[in-house]
Amino acid sequence: MKPLSARDLTKSDALKLFELGYAAGDCKDTTEIQKLFIAVCEVFPVESIVSGVGAMAKGSALSKIWSTPTLPPFEISEVICDANYPQEFLRYYINNGVLKRDGQFYLCLRTQKPLLWSDLYQIYGQPFDPRTKCGFDPDFATMLFDYNLHHVLRFAPIDIGQRVTNFSFAFRNRREAGQFSGLLETVVPYMHLALIRVYGLMDDKPLHVIPQELTLRQREILRWLIEGKTDWEIGEILHIAERSVKFHVQNLMRKFEAMNRYQLIANVFQRQKSHQIH
């Protein structure tokens, strides 16, 4: 089934989705992070959420992950979950270092896209291969089925500072996970920012400072990106080539230190709190 977009929602549901971004931007402590997780479960048909927050070790490079069989060291400083997430399963994952043998995590890092575990298992059902970063720990795979967590939609956003968060959203079935993957993809960058801020990984540089002055064209494109327009639609509106739009979007991503356009918009909103862009 085709993923839902904001245009498919009622005004009431669209408002709830919009409010999640603001709620994430206002998170100041761990209690508010827990409230944010609860709010996500109220907006989406998500049964439970777990997230980790940390960073790649200094000196590591994301671009080199797939050019060497050596696994890059990730330093996960905190693990956060809601009350519904199976604690025994989580303890096994942490205590046995399953992150180092978790192909879904590495594929999410590589694509920066949401990936459904049950789909990946059909393709990469073999034991984890450190050379390709594909496959799964066999005991971990068995436990996923035992705890009915095989319809987990996974995100692993990483930013320019190589700070990484790792979100797992457990759905009841594959259909719902597929339906809501696109909408969750718009929310996760705000949750990423909330976690790195609350757990002390934010840079010393204030987020509200815009690193370089934006051109008039960049401001126009940014406005339409926030409206949810595609590159082609923006090109039609502004009467410029789609490749020109892509060029400006890449420059905006660089200026706002974003890895993708969803992270770009989240970073823009974060900085708009104290520096209005007109």
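In this report, a residue is called buried when its relative accessible area is under 20%, exposed when it is over 50%, and partly exposed in between (1.4 Å probe, protein chains only). The structure is a predicted model, in which local features need pLDDT of at least 70 and side-chain atom pairs count only at pLDDT 80 or more, while totals for chains, interfaces and linings use all residues. Residues are numbered from 1 along each chain as its sequence is written, and side-chain values use heavy atoms, with hydrogens and water left out.

**Salt bridges**

A salt bridge is a side-chain nitrogen of Lys or Arg within 4 Å of a carboxyl oxygen of Asp or Glu. Eleven of them are found in a search of the whole structure.

| K113 | E185 | 3.3 Å |

K113 and E185 form a salt bridge with their closest N and O atoms 3.3 Å apart. This pair links distant parts of the chain, 72 residues apart: K113 belongs to the loop between helix 4 (103-111) and strand 3 (115-116), and E185 to helix 7 (residues 174-198). Helices (H or I, at least four residues) and strands (E, at least two) are DSSP runs, numbered from the N terminus. K113 has a relative accessible area of 42% and is therefore partly exposed, whereas E185, at 10%, counts as buried.

K246 and E242 are four residues apart in helix 10 (residues 242-255), so about one helical turn separates them. Salt bridges with shared partners join these two residues to D231 and R261 in one network. K246 is partly exposed at 40% relative accessible area, and E242 is partly exposed at 35%.

**The loop residue Q112**

Q112 is placed in the loop between helix 4 and strand 3. With a relative accessible area of 17%, Q112 is buried. Its side chain takes part in polar contacts, a polar contact being a pair of N or O atoms within 3.5 Å; within protein, one must be able to donate a hydrogen and the other to accept it, and residues adjacent in sequence count only if both atoms are side-chain atoms. The side chain of Q112 reaches the backbone oxygen of A156 at 2.9 Å, and a polar atom of that side chain lies 3.4 Å from the backbone nitrogen of I158. Contact in the wider sense means heavy atoms within 4.5 Å. Neighbours within four places in sequence aside, Q112 is in contact with A156, P157, I158, E185, M259 and N260.

S181 is located in helix 7 and counts as buried, at 12% relative accessibility. Apart from neighbours within four places in sequence, S181 has contacts with P3, P114, L153 and F155.

R7 is found in the segment before helix 1 and is exposed, at 57% relative accessibility. The C-alpha atoms of R7 and T186 are separated by 13 Å, although the two residues are 179 residues apart along the chain. With neighbours within four places in sequence left aside, R7 is in contact with G228, K229 and E233.

**Helix 6**

Helix 6 (residues 138-146) contains the buried residues F140, A141, M143 and L144. Viewed down the helix axis, the buried residues of helix 6 fall within an arc of 165°, so they line one face of the helix. The arc is that of the directions from the helix axis to the C-beta atoms. Helix 3 (87-95) and helix 5 (117-123) are among the elements that cover these buried residues. At the start of helix 6, a side-chain oxygen of D137 comes to within 2.9 Å of the backbone nitrogen of D139. Helix 6 is followed by N148, which has a positive phi, near 55°.

**A nonpolar surface patch**

L15, F18 and Y22 form a nonpolar patch on the surface, together presenting about 320 Å² of accessible area. Patches are made of residues with over 30% relative accessible area and no salt bridge; like charges are joined within 9 Å and nonpolar side chains (Val, Leu, Ile, Met, Phe, Trp, Tyr) within 5 Å. Accessible areas come from the Shrake-Rupley method with a 1.4 Å probe, and for residues only the protein chains shown count as cover. L15 lies in helix 1 (residues 11-25) and is partly exposed, at 46% relative accessibility.
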